[in-house]
Amino acid sequence: MNRFLTLPQGVKDFGPVKAENLKRIETVLLEEFSYWGYRRVITPLFEHLDTMTAGIGEDFEHRLMKFVDPHTGEIVVLRPDITPQIGRMVATQLSDHRYPLRLCYSGRVVRYEEKGSGKEREVFQLGCELLGLSSTQGDSEIIALALKSLNRLGLKEITLNLGHTGILDAVLRDAGEIRDELVYALVKKDQERIREIAGPSGIPEDVKEVLFSLSDYYGDADILRRAARNERFKPCVEEIISVIAVLEEYNIECDISVDLVEVKGFEYYTGVTFEIISSATPASLVTGGRYDGLVSRYGQSVPAAGFAIDAEVLMQHTKSSDGENQVHFIIVPKSEDLRGDAIRLAEWLRSSSFKVILDLDGSYADMIDSNNFFDGDGSFATYGIIKLESPSKIKLVESRTGSIREFSNLEELLAGGGL
Amino acid sequence: MITIATPRGRLLEETVELFKKASMDITEIIKDSRKLIFESEEAGMRLLVVRPTDVTSYVEYGAADCGIVGRDTLMEQDCNLYEPLDLRIGKCKMVVAAPKDFEKSGKTSLRIATKYPRIASDFYNKKGITTEVIKLYGSVELAPIIGLSDVIVDLTASGETLKKNNLEIVEEVADVSAKLVVNKVSMKIKSKEIKELIEKLEEVR
């Protein structure tokens, strides 16, 4: 195919059905967020490179979509994540607000993924941020809100995976020059390699204990009891336990698993982290956690926790809303002089929340006359076709039954047509 | 029930042996080479027989929970997977080989024929040698003989094929063996079953 007709790797178009589904998901989620007192903010599509890397960390820089701003010659970046933007916004513009501050957003982010990885570069994200609260109460609300939001969309059989940055922080703090190799082995959960590298290193013994029995630190919720035996990491484990206790009060039903040694994508997390997953997809539905250090990178120290939902992954899991957005009526004026009546009728129906197409070029008129128009599924208009034949002859053809009713003027149709 | 993607060919027999040692009988799977899915209620697992280089795709996209795959493939593909266990089967070496008269020293650039372009260029780029990599899909040994490349980067178990084609090992790149890989979501959802599998295999490998 011609190159100018193809799209770059990792981006795509959405036809009406997908676009409507995505919109529905967005509407339901934003509504749920608002029920919890989270107010929507909108942040820019691109920012200065430095502003962004201050938030997400230098390690992520090679995965950004960068370009030069033709006006200033400065390097700018398409946002890879909205959370740092909100951090910046809170620190610089909303600093006089009363905490805790509850904010939410809906928008697209762009990431550079390796070619052929099959991953999307453009991600539809919705998320919430709870700023100014450092307790596990804050973590619990954020996690409960994420789970309840998915429930609202009818999602079942999901698993909440809880984690904590505490253990990895301790491991990597003393890792020295083996840090990168160790991170790589931890990402792979490659126990033998970890033992090989960490064995001779200067990592404290009680931290090594974790590394050498790595599989005791991920698995189902039972591992929390075992993990709590390590005195150094007991506080981390207790934070997770207290979050689970609050979730029980919310009466949330979902499987819970734990991974205390998972390396997270963004380095700004500082406490309890979580992920909501489903066996039906390899990508996470939701990721989130505590990020107490992020806002201070923009000049104000504010503890915070939040999450982001991947709306497109969610879409694969929820029932599609086919038909919800189909046209209800088609109005077909037989001749030019009936246009005024047709417009008046269309406007009246639209004001009553019906979806109405006005036949502009007679294309529907031709189809009505052919027999195969009504195949019973109302695929053209779910309720019917209104044919204006003359000012005193109006036909309503019902899509469902194919039956035809006649009216002698518009008023009669509006009053008695049962519309 | 967990689904495991196993590579067809040489490694499959060793896999069956290993599983047998761990009291999981899957010998059925090598009896009919046309059958691609094998299910064992008893062992609580389903096996998919796929091309060795496809194992990672099956596991990464969640079509299988676990997979058995050579370290060569993992090095070449850089997958988003857990690699918790070296199974110590399918052992061989990734080497650089060249005709007997090849002068190793003083080279600043090399033309390499290989099935593993990424491994080959990474290996030499680290040494500061520029590479021109020619990706081949088979009969790699032929390339230096007829002057298509200076050297090859390929797997060798016994070195027989190299010898027959008058090639010598110039350098060793890595030891290769098969690893158990696990899908990241499966590890969190079916952690009990998967950890059990890892433990069983770790004991007998």
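Let us start with Leu285(A), which touches Leu150(A), Ile158(A), Ile276(A), Ile277(A), Ser278(A), Ile309(A), Asp310(A), Val313(A) and Leu314(A), leaving aside residues up to four places away in sequence. Please keep in mind that this is a predicted model. Leu285(A) belongs to the largest nonpolar core, a set of 85 residues. Together with Ala146(A), Ile167(A), Ile276(A) and Ile309(A), Leu285(A) is among the residues that touch the most other members of that core.

| Helix | Residues | Number of residues | Reach, first to last C-alpha | Expected reach |
|---|---|---|---|---|
| H1(A) | 16-35 | 20 residues | 28 Å | 28 Å |
| H9(B) | 191-204 | 14 residues | 20 Å | 20 Å |

Which residues of H1(A) are buried? They are Asn21(A), Ile25(A), Leu29(A), Glu32(A) and Phe33(A). These residues lie on the same side of H1(A), because they cover an arc of only 105° around the axis.

What do the buried residues of H1(A) pack against? Their partners in chain A are strands S5 (101-110), S6 (122-131) and S12 (304-310), along with helices H4 (136-152) and H11 (311-315). After H1(A) comes Gly37(A), with a positive phi near 85°.

In chain B, helix H9(B) has the buried residues Ser191(B), Ile194(B), Leu197(B), Ile198(B) and Leu201(B). Viewed down the axis of H9(B), these fall within an arc of 130°, so they line one face of the helix. The face turned away from that buried side carries Lys192(B), Glu199(B) and Glu203(B), which are exposed.

**Chains and domains**

Chain A is divided into domain 1 (8-315) and domain 2 (329-416). The C-alpha centres of these two domains of chain A lie 52 Å apart.

Chain B has nine helices and eleven strands, and its C-alpha trace spans about 60 × 35 × 30 Å along the principal axes. Of its 205 residues, 41% count as buried. Among contacts in chain B with a separation of 6 or more, 66% come from residues 24 or more positions apart.

Domain 1 of chain B is made of two stretches, 2-90 and 177-204, while domain 2 covers 92-175. The C-alpha centres of the two domains of chain B are 29 Å apart. Six residues of domain 1 are in contact with eight residues of domain 2 in chain B. On the domain 1 side of that contact in chain B, one residue is nonpolar, two are polar and three are charged.

How many residues of chain A are in contact with chain B? There are 17, and they meet 14 residues of chain B. Strand S7 (159-164), helix H7 (191-198), strand S8 (218-220) and strand S9 (255-259) of chain A each supply at least two residues of the chain A side. The largest share, three residues, comes from S8(A). By class, the chain A side has three nonpolar, eight polar and six charged residues.

**Backbone details to look for**

Most residues other than glycine have a negative phi, and most peptide bonds are trans. With that in mind, a few places are worth a look.

The peptide bond from Tyr99(A) to Pro100(A) is cis, with omega near -5°. Pro100(A) sits in the loop between helix H3 (83-92) and S5 of chain A.

In chain B, Asp78(B) has a positive phi near 50°. Asp78(B) is found in the loop between helix H4 (71-77) and strand S5 (82-86) of chain B. Is Asp78(B) buried or exposed? It is exposed, with 11 other C-beta atoms within 10 Å.

Asn166(B) also has a positive phi, near 60°, and its place is the loop between helix H7 (160-164) and strand S10 (167-176) of chain B. Asn166(B) is partly exposed, with 13 other C-beta atoms within 10 Å.

Conventions:
Residues numbered from 1 in each chain as written. Chains lettered and ligands numbered in written order. Predicted model: local features only at pLDDT ≥ 70, side-chain atom pairs only at ≥ 80, totals over all residues. Core = buried A, V, L, I, M, F, W, Y, C linked by C-beta atoms within 7 Å. Buried ≥ 20, exposed ≤ 12 C-beta atoms within 10 Å, placed from the backbone. Contact = placed C-beta atoms within 7 Å. Helix = DSSP H or I, 4+ residues; strand = E, 2+ residues; numbered from the N terminus. Expected span 1.5 Å × (residues − 1). Arc of directions from axis to C-beta. Domains from an automatic or database assignment. Nonpolar A, V, L, I, M, F, W, Y, C, P; charged D, E, K, R; others polar.
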